[in-house]
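Please view the structure first.

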Amino acid sequence: MPGIALIGTQWGDEGKGKITDLLAGDVDMVVRCTGGDNAGHTLVVGGETYKLRLTPSGILYPDVTPVIGNGVVINPRVLLEELDSLDSRGVDVSRLRISGNAHLVMPYHLEFDKVTERFLGKRQLGTTKKGIGPTYADKAMRVGVRVQDLYDPKIFGQKVEAALRDKNQILTRVYGRLPIEVDEVCEEYLGYADRIVEMVCDTSLLVNEALRRDETVLFEGAQGTLLDLDHGTYPYVTSSNPVATGICTGAGVGPKALDEIVGITKAYVTRVGTGPFPTELFDETGDEIGRIGHEFGTVTGRKRRCGWFDAVLLRYASRLNSLTSIALTKLDVFSSFEKLQICVAYEHQGERLDEVPFHQSVMHHVVPVYEEMPGWRTDISEATSYAELPAEARAYVERIEQLAGVPVGIVGVGPGRRQTLRREAAATVGVVQ
Ligand code: IMP
């Protein structure tokens, strides 16, 4: 019953798409469990680049069932645009299955995401403005609209009307915006209903049955551990739970369904949006990492903030997710670097901290304690095995492994599928060989 979870261990954008792609060819089902179209996965398959936001990457493999679980928030316009675009490129999208319990991102959620950010001014979170926070807020307030509401236009209309009654007051009186018309929202969304409804089912049952048949199910994480609503750098986080337990809730499976929990981590750290980032580089080195690593957001196109590798964060992610192994991506980005720094601890007011401080104000002011490692100054993107990597590159990987206390099973040395090296030593990794 192999359930494999792929979890981002940083602030998202760790290269989950590439690792999913590596494993997806050998699995039966790929499930997205949290987040919405704020996530962006870039996959290079058969020389073609696909940028997916909502659709699980399993859609690109004819023998895989792609599933959008109940924990995802769906903007139906974005989903259908994405499916149409895939369809026009010859991808069979009819296999997609969607949970009836997933919540819909409504036009007023998009509006609120924009106006609240604007009103926060300097304190803004730097959201992707895809309406994610307001949609999850309505879910928690129990005034959300779910995919299953598309089955009944009357109920759908009642829910939209109830939601807009107070939201329009806030939009007009607090934010000075025009009200949103109930009829317009209903007309647009009910227009999507036929196409969406034909893909809806009880996805929790579907996934659990696949596991019971001993099929391999890949649970595709979105965002990363440090963006987790409970465990991330709150309030500079997303509004869902990208950690492993969020996968269980968002797919409707128990914790025992996760046989392997693979933490995806970049060889350095990036973050978009606002919030603390201890190893952030404000100099040429940071620019160089961003330039070589093509660090621009898939969804927003924003330049990502870049910094040295942070082992304190990886240890934190390892603990929160019960990681069984690590996939280290983008090691090739450092090929021209003479020296590398790894943050092994933080310092705050003369005190050494080996763990992420629970107090956010402390996290804002910690100073990284670095350990210097020699670079390898060789192009490693053509390496075909881990053993072929220069000794300095292997030492870097193995130091990260040692600091995290979790084996590194996969090392990425370029964007292509073949540029992914498996480590024999890490025997626990990759049931899919
Ligand atoms: P939201 O998820 O749009 O509400 O944005 C909240 C925070 O999460 C912002 O800092 C975003 O930049 C960040 N964020 C959301 N999704 C992603 C992602 O897929 N990668 C990286 N950062 C993300």
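How many residues of domain 1 are in contact with residues of domain 2? The number is 20, and they touch 14 residues of domain 2. Contact here means heavy atoms within 4.5 Å.

## Basis of the model

This is a predicted model: local features need pLDDT of at least 70, side-chain atom pairs count only at pLDDT 80 or more, and totals for chains, interfaces and linings use all residues. Numbering starts from 1 along each chain as its sequence is written, and side-chain values use heavy atoms, with hydrogens and water left out.

## Two domains

The chain splits into domain 1 (3-73 + 205-422) and domain 2 (103-197). These bounds come from an automatic or database domain assignment. The C-alpha centres of the two domains lie 31 Å apart.

## Where the domains meet

Between domain 1 and domain 2, about 1,300 Å² is buried. Carbon and sulfur atoms give 56% of that area. Buried area is the accessible area (1.4 Å probe) that two parts lose on being put together, summed over both. In domain 1, the residues that lose the most area to domain 2 are Asn38, Val73 and Ser239. Together they make up 40% of what that side buries.

Five residue pairs, both at pLDDT 80 or more, are in polar contact between the domains. A polar contact is a pair of N or O atoms within 3.5 Å; within protein, one must be able to donate a hydrogen and the other to accept it, and residues adjacent in sequence count only if both atoms are side-chain atoms.

## Around the ligand

Where does the ligand lie? Domain 1 and domain 2 both give residues to the shell around the ligand, so it lies between them. In total, 15 residues surround the ligand. The closest are Asp13, Asn38, Thr128, Thr238 and Arg302. A residue counts as near if one of its heavy atoms lies within 4 Å.

For Thr128, the distance to a ligand oxygen atom is 2.5 Å. For Thr238, it is 2.6 Å, again to an oxygen atom. For Asp13, it is 3.1 Å, to a nitrogen atom.
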